[in-house]
Amino acid sequence: MTGGGADTTKQTAPRIRTAGVDGMLVSFGDSLSEPANRAALAFRAEIERQGWDGVEESTTSLVSAYLRFDPLHLGHGELKDKLDTLLSDRDWYDAPLPSGRRLWRIPAVFGTDLGPQLEQAAEAAGVTPEQAIKDFTQTRVRVQTIGFAPGQPYLGELPQAWDIPRQSTLTSRIPEGALAVAIRQLVLFSVATPTGWQHIGQTAMRLFQPEAEEPFLLRPGDEVEFTETDAETLSNMRDDPHGGAERSELS
Amino acid sequence: MTDTLTIHRAGPGLTLQDTGRPGYLALGLSRGGAADRLALAEGAALLGQSANLTAIEMAGMGGEFEASRDTSIALTGAPMAVSIDGTRIAWNASHTLPAHARLTIGTASEGAYGYLHVGGGVRPPERLGAHSAHLAAGIGGPLEAGDKIDLGPDDRTTTGLTLPKDPRFAGGTIRILPSIHTDAFPQDLCTRFEDTAFTRDTRGNRMGVQLKWEGDGFLPEIGRKIVSEVIMPGDIQIIGDGTPYVLLSECQTTGGYPRIATVLPCDLPRIAQAPAGAPLRFRFVTLEDAVEAERKAAQAIADLPKRRQPLIRDPATIPNLLAYQLISGMTAGRELDPEGA
């Protein structure tokens, strides 16, 4: 048997692929771009709104919408047809961002032992540590997707200089609330985990609180600005359910 | 007063599990739930109840339990030594656990995850729409000695049933489909993957298991350059050093490593239940074959109640035979009486 049969169509973008026997992935690009990200969010929102029989769950990644479905009740051909029809229904790349978005101003400590890889990441980006902190605090980034761990955002997009690779060896443990950088994105970690991203800062954010009324703080489409603070101030913010962050509505 | 199940002693990997928590994928929370969903269905069939009731999952070893009332129980998944007040009872069967008797569950003789089901299910507090612990996400946690869990209502009188033993506890051949990245793997790498005799590594948990083999790794050229994409239980990702890692129920929701293939959901219990060192081989099937395999597996689950058999007990192993009511355990006893009922 060949190993190359996952494609059901071979076109540039968007393209529909099976993902296992019970999944379909609709990709709007092969690499991250703002229109592909917006298209994926809008397309998935429309699938949720339409509530097709046999579709059990859906989500988005940076550039794709994913559906898990019951292949015994909804055939692959039928689902693909429905997806094709919906794809041609409008220009998804031109879709607006989700409604109900918020702007978060999140205090963070950059460098020191709370962000031990700031110098090394800055060097990889070819900037000074001071310029690095400016880049992280003066770029308004957007939640492009939530994933890997509950409530954990991929935030972008940073200036071109930050197109630096992930590390080839993993950092064995990065703490909850840590801020890390690679490939023009920041990740704000919702759980302590090993990672290949470079640890440049720390926040007091607890992005997933299963017992709280609002278990997940961030949503795809939300925007984030980081503000620089010091270790003592940050330590005092740890009891705040929003980790010292200020939230305001964005249109 | 609510009846409870008390845990007097707990192995290190005891958690409450159900069929998981769908609907939070877009917020980064994987569905989770029992590592071996088939074992949940078997317990439900043995007790004649819903497969989404909550059971106790036991990784590698069990513990010691006591119920505050007579309770029907079922034991499924990886076979473990089990006794009630010191008397050995059968695995893969349902039993009546008398009030305040001690149920003792030892280590698995094969497989990885055993399950203790109770009639009516256990009723821990609900979190985000389900009762299962999701250790990776910090929802719930391992059960510990001293824990008491509420029992659901149980009016079952029919216990003493067994199901034929399933052969999924010693590894074997696993059916796979191409994944979203399989195209990026050279054909010879895919062929070598199919030809390789793997074993399950000792590294593994509810998030996934690592494979072990002799020879070169399986990392393709595209290595670390692919964009992070949605990942699901069953996906086989090739991590940085070329090692295949099969994701299980409690996995991450996106991943940046390339995936060589994905395991059919109906074969995933065989991966979850493979103990360290068990042989594993992988075989690509077509999408049509995969759908057919899922159909057969769903039918087999629907047919489980028909496959139940009365448990035949050897009277010589029953220490206080005369204390048993030999009739009422199986039927209400009056169906045979024309004047009765």
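Chain A contains 5 helices and 14 strands, where helices (H or I, at least four residues) and strands (E, at least two) are DSSP runs numbered from the N terminus. The model is a predicted one, in which local features need a pLDDT of at least 70 and side-chain atom pairs count only at pLDDT 80 or more, whereas totals for chains, interfaces and linings use all residues. Residues are numbered from 1 along each chain as its sequence is written, and chains are lettered from A and ligands numbered from 1 in the order in which they are written.

For the complex, the predictor gives an ipTM of 0.89 and a pTM of 0.89. The pLDDT, which is the predictor's confidence in each residue on a scale from 0 to 100, averages 92 over chain A, with 95% of the residues scoring at least 70. Over residues 1-11 of chain A, however, the pLDDT is below 50, and this stretch has 27 contacts in the model beyond near neighbours in sequence; two residues are taken to be in contact if their C-beta atoms, placed from the backbone, lie within 7 Å. Chain B averages a pLDDT of 90, and 90% of its residues score at least 70. Where pLDDT is low, the predicted coordinates should not be read in detail.

The C-alpha atoms of chain A fill a box of roughly 60 × 40 × 30 Å, taken along the principal axes. The radius of gyration of chain A is 20 Å, which agrees with the value near 18 Å that a compact globule of 251 residues would have; this radius is taken over C-alpha atoms, and the globule rule is 2.2 Å times the number of residues to the power 0.38. Chain A is divided into domain 1 (6-94) and domain 2 (102-249), with bounds that come from an automatic or database domain assignment. The centres of domain 1 and domain 2 of chain A, taken over C-alpha atoms, are separated by 29 Å. Between these domains, 6 residues of domain 1 of chain A are in contact with 7 residues of domain 2 of chain A. The side of domain 1 of chain A that touches domain 2 of chain A has 3 nonpolar, 3 polar and no charged residues, where Ala, Val, Leu, Ile, Met, Phe, Trp, Tyr, Cys and Pro count as nonpolar, Asp, Glu, Lys and Arg as charged, and the others, Gly among them, as polar.

Two backbone features were noted in loops of chain A. Phe148(A), placed in the loop between β6 (141-146) and β7 of chain A, has a positive phi of about 80° although it is not a glycine. The peptide bond from Gly156(A) to Glu157(A) is cis, with omega near 10°, and Glu157(A) is found in the loop between β7 (153-156) and β8 (171-174) of chain A.

The contact between the chains takes 46 residues from chain A and 42 residues from chain B. On the side of chain B that touches chain A, α2 (187-195), β16 (229-230) and α4 (287-302) of chain B each supply at least two residues, and the largest share, 6 residues, comes from α4(B). By class, this side of chain B has 23 nonpolar, 13 polar and 6 charged residues.

Chain B includes a closed barrel of 7 strands, which runs β13-β20-β17-β18-β15-β14-β21 with mixed pairing; two strands pair if DSSP finds at least two bridges between them. Neighbouring strands of this sheet are turned by 40° against each other on average, direction ignored. Strand β13 (residues 172-177) and strand β21 (residues 279-284) of chain B pair in the parallel sense over 5 bridges, and Thr173(B) stands opposite Arg281(B) in β21(B). Helix α2(B) packs on the sheet, touching β20 (259-263) and β21 of chain B, and its direction makes about 135° with that of β21(B); axes are lines fitted to C-alpha atoms, for helices over the stretch in contact, and angles run from 0 to 180 degrees between N-to-C directions. Strand β14 (residues 198-205) of chain B runs antiparallel to β21(B) and is joined to it by 2 bridges, with Leu280(B) in β21(B) as the bridge partner of Phe198(B).

An open sheet of 6 strands in chain B has the order β7-β6-β9-β4-β1-β11, with antiparallel pairing. At its edges stand β7 (87-88) and β11 (148-150) of chain B, each with a single partner strand, so one side of each is left without a neighbour in the sheet.
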